[in-house]
Amino acid sequence: MQKMSYQAPLCRLLLLSILWVSSGSLTSLLVTPSAVAEEPSTRNDLLSTRDRHPAEATITAPDFQKHVSPLLGRLGCNGRSCHGSFQGQGGLRLSLFGYDFKTDHAALLASGSGRVDVEDIEDSLILAKPIDADNHGGGKRLDVESWEYELLKNWIADGAVGSSEPQGLVRLEVQPAEIHFQTDGDSVDLKVLAHWADGSREDVTAFTRFQSNDPQIAEIDANGGVKSTGQGDTHVVAFYDQGVTPIPILRAFPKRVPQIDSSLAIDDAAPIDRLVQQKLDKLNLQRSAVADDAMFLRRVSLDIAGTLPTPAEIHAFVADPSATKRQDKIESLLDTPAYAAWWTTFLCDLSGNNSQELRNLSYGSDIASQQWYDWILKRVSDNVPYDQIVEGIVLSSSRSGGESYTEYCESMSTMAKSKSTISFVDRPDMPLYWMRRENQDRETRAIGFAQNFLGVQIQCAQCHKHPFDRWSQSDFEEFSRFFSGVSVVQSAASEQERAELRAIYEQLGMDPKVKGGNLQRAARDALQQGKTVPFAQLVVTRPKLTNAERKLIAEAAMAAAATAQDENKEQDAAKAKGKKKNRGNIRGPLYHTEGRLLGSEAISFAGVSDVRQLVSDWMREEQNPYFARAFVNRVWARYFGVGIVNPIDDLNLANPPSNAELLDYLARGFVEHDYDMKWLHREIANSRTYQTSWVPNASNALDQRNFSRAIPRRLPAELVVDALAFACAPDETNSEFLSAVQDRSIAVPGTNGNSARFAGRSAGYALQAFGRSTRDNNCDCDRSNETSLIQTVYLQNDQDVHFWLTHPKGWVAQKAMATESQEEVKVDQKRLETVNRRLAQLQRSAKNLKLQESNQALKKITSRIQQLTSQKDAIQQRIDESQDSSSKVDVTDLITEAYLRTVGRFPTAEEVERCRIYMEESSSLMQGLTGVMWALINTKEFIVNH
Amino acid sequence: MTKHRQCDGYTRRDAIRVGALGATGLTLGGFLKLSHAGQTNPQTPTRNAIFIELPGGPSHIDTFDLKPDGKPEMRGPFQPIKTVVPGVEICEHLPKLAQQTTQFTILRGVSHSLGAHPLGQKFLFTGNRPTAALEYPAYGSVAAQQFEAEYDLPGYVAIPRASQGPGYLGVKNSALATNAVPVKGRPFNVRGISMAGGLSISELERRKNLLNDLDQTFAALESQHDLLGGLDEFSHKAFQMITSKRTRSAFDISREPESYHQLFADDPFSQSCLLATRLIESGIRFVTLNLGGWDTHQDNFTKLKDDLLPRLDNGLSGLFAGLQSKGLMESTTVFVTGEFGRTPKINSRSAEGGRDHYPRCMFMLMGGGAIRGGQVLGESDQNAEGPANEGFKPEDVAASFYQAIGIDPKQEFQTPTGRPVMIVREGNIIPELFK
């Protein structure tokens, strides 16, 4: 009955909402401020919540789940800096954002705490504290006259009852469903309706938490009032109970006369371009012009193959009249070893190929990282579909096809000794993913797996309900079960294998009890001698319950039994106590019997030998909302610097894509093309959208998320190092960058960057400084594309950079030397002229002497002529050789080539002139050219892709 | 642009902007906004720190926790000597430090359970027990994130490098690693700071002028684009630092008078200690040093007596004397620790015997700044096999160290994945450590 009296005042609102919903088609929900003005609750009479919702003040029986807990959230009580903090505040700890109704209720009602006092209601600390700024660490939160105070008071008066079983929220509806603003200060009040499982519906605006995803576009106040603050688009999000609902907010830029855009050989009707255009039209954004050939070539070479184009390539590409040259270039880049290496590095980032976590598996060597890298590399080179690569990783185990433990150890030992990964690469699966040292418990695996392959950040739900998505702690727990059936066994896993292990130890003459560092050392030595040593293996079983879980189940069973037999209660409790002590002997089930994948119904494990198969099948269902989306979004972000969802590994309800249709199209297309990665690369790289210039136009300078122009982004660490090496390398080396990738940074297998070398120099320091992925956090942000002081110090004055710039076999030295030999040619040519003049004189003299028949003198002159002739031939030969070995060099050419090698474009006349002055003021050509190269690699144009 | 929301609704960018930023790690948004608002110089008392790693795990029972009355198969041949603090005795092979015990506290009976080098180092050099899902930052990286650095100086320097990285705080909070140790009488080259490849300041200035003229392509975009604007700002700051007399002078130990040099021995660790005092004096706020070689499974006593203890004795006593003579003792906290102690029982791997990894009992030293000197805190049991009473956890010492340098150890950070995490997860400050 009390419930009725509480709902009654809401009838008016409910009725209104029903009318509103039923009256309209979808378009009527796209409310503009003018439309809102006709609604009964307009912003003109916008008052504070307590005035807007006088109804709440009269609630006589507030519900803990529906009202009290969300209200504490709205008041900020359970925020992270207050009582939601891990250690609580002032002795009171509430669950973060108040999703744990049971615990919070218990915390508020803790006996002796005085927080809730049903006898002396107003003495209850939850009322007394927040109205008193002096006595409350969190300051004043409530007025005595406020409806919130009244509501809390009523709840206590009503017995301060908790929620026995949380009610299910079916849907959290927000009205209007989309907002289009016109000018600054335009505003709309949101209304939030909770649809409960029992069919009831309730206006919960006053209990909802709101957030704007970009306050520079729209602000939202605590009461759901949305205000336009800038042009562009974003979402505001409503959070209530388990519900998360984002509302698109758009405000178009001023309309402008369309620019004439001379697009090159690009099909503007390509789906990507069409979908991007739709969004641009909504916002009155115009695309920037198409990137010119040089800009396109540098960008696409870096993005697809991680490599700068050579000067010769730029000359040829710019001069090529073919209409399909861009398409052809994309195809040829996709066929290079550099493409395979660079995108393998991408997949190693994604899957977490971390050397430190693999070291113990291979007795201290980096072979495991190399195996991981090479296994993927082979598949990327062969363009194996992405889902098959992932399946090979997910459904892996160490031994397959009846291989015995001994055979397994033999093959691993051979590989470790020979450092060859050939036989590993041919395996159908790649078990190292599950074998990393710090990836062994199922929670860590669940967090990692969700981020790696689903782009979902589920870790919040490990400790509390996910604040920005629907995941609860039980969603997390049930998901993690799928990862409890796979374990790393340090050596033998069965009686039979133990016998084999003993034989291996016997052969080695080693004590089987040797462990830890001693075992590692002894095994390393034995491997060197070509012996077989024991290896850890990945073993798949049914999904195991942990001892703690089994204990809980056993105790719950015990407690149930105890309740059933009330008179025997004490005895049973004593028994339960006894059981507790007997740790190794917990009765009850050993295995999980079912689990739930993210968003799925319960899935039975009955008859399934490897539950990872269920995960793999689910990911590859056509309707899976994450698997393909996460991948295409990540690849997209590599081409644009930002994802369609951003951050790229955070697909959650409160973080909607900037262009949902575009993401859907790419994900669907990727699945329809059987997860063909090259299809995706082609689709993106050939689009007009990708080939847009970074130069903004009048309309799109502020656009960051709709792909109306290219946004300059810092080169990834590997490409910084390789681009520096490339810029400084001699012609014959950098023409091989696309094919000879072995020593390049894009081919570093694990996280030890020292294996990348240029001219014998380790790249480890630079890779770290520029933020190569550390692969240790289950976050795409393990790779940093931020900039820092250490990086600019590196570019200006690091020994690496000086070493490369001034390397005796480097490009600068080569050119300086060639030019010096040009100087010598000039001297030789002068000498040649002198010799020729002298010869002519002598020949004239000889002619005269012949006439005079002066034999003695003639003989002398003839021998002198012979002497000079051979001298002349020698000089001529030297000149010919010099001119063969170096083409004609002039300073303008040098400056142009320096530009092409670094920023990939031709310099302007002013730039050439400035460089020429600098070079003239230098003491030598070497100094001048080094300075020009130094300046170029320190430009922003060099260090970003644009 | 959509920003990353984290567990509490902050965005990643907000998290980055929180707190003062170290010089090597100024992030863009933060730096630009602060510097444009003229807020880069908050008035906070200067608190510096020197953190000394002793990787390998130094034996406690042979150094600062001797058991002359312990079992013969455990106590070893070293004898205790008196120090300037009555009742406090340390190993006979640390005679110079015995004269300096008023400067620091000896912590005994520190105890944990991670007996492998990498895990132990992660634990002890970050103050947080390693977990699978998260890399914790080195002490210096936290300081770099929290402290304000001078405009032309790095905030956090490691000599020659730090064993732990910046973890979840990101590359911007990495140490400026010298990658080498100074050698007495020779010029000291620091990566990125010293002029390399025959480059002179005047040539560098000439190049920078050329660069300023050429680097115009994005000029119009810089004010609106965080990355481009930041590259520009950092490029200028890098140039200031490289050409700064103050920075080069800070690393140039030859500028110290001979009388100062005499406080330090002629070995790499002592010279590093000398450099550390000079860096702190110049305004660099956090320096990490490193003295390795403590993994004495074999020939424990010879190695300690002939090599490790003299080097430690010389370096640390020089460091304390140097800080005193520069008047920096009051503002600089010094913290010395390995990753674990060593087994009290002497093994028989070599004729002389050695000691193996032993996390259950170890020692640490802390002094300077707000730390009280001249005392021993904690106690190990009869044979130094474990703490006598409750003992200290590494987290307790870590929390105290942060407290001493003015960083609230209970402060919560955001990891890049959005987890809230306290700087030190489970530490209780040890009140007796403080003055």
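The following legends describe close-up views of a predicted model.

**View 1. Strand 10 of chain A and its covered faces.** Strand 10 spans residues 232-240 of chain A, and nine of its nine residues are buried. One side of the strand carries A:Gly232, A:Thr234, A:Val236, A:Ala238 and A:Tyr240, while A:Asp233, A:His235, A:Val237 and A:Phe239 lie on the other. Both faces are covered.

**View 2. The antiparallel partners of strand 10 of chain A.** Strand 7 of chain A (residues 209-212) pairs with strand 10 of chain A in the antiparallel sense, over four bridges. Within this view, A:Arg209 is placed opposite A:Phe239 of strand 10. Strand 11 of chain A (residues 243-251) also runs antiparallel to strand 10, and nine bridges join the two. Here A:Val237 faces A:Pro246 of strand 11.

**View 3. The hairpin turn of strands 10 and 11 of chain A.** Two residues lie between the strands of this hairpin. In the turn, A:Asp241 has a positive phi of about 50°.

**View 4. The disulfide between A:Cys779 and A:Cys781.** The two sulfur atoms of this disulfide are 2.1 Å apart, and the count over all chains is one disulfide. The torsion about the S-S bond is about 120°, so the disulfide is right-handed. A:Cys779 is buried, at 5% relative accessible area, whereas A:Cys781 is partly exposed, at 23%.

View 5. A:Cys728 is buried, with a relative accessible area of 3%.

Definitions and conventions
Residues are numbered from 1 along each chain as its sequence is written. Chains are lettered from A and ligands numbered from 1 in the order in which they are written. This is a predicted model: local features need pLDDT of at least 70, side-chain atom pairs count only at pLDDT 80 or more; totals for chains, interfaces and linings use all residues. Side-chain values use heavy atoms; hydrogens and water are left out. Buried means under 20% relative accessible area, exposed over 50%, partly exposed in between (1.4 Å probe, protein chains only). Two strands pair if DSSP finds at least two bridges between them. A disulfide is a pair of cysteine sulfur atoms within 2.5 Å.
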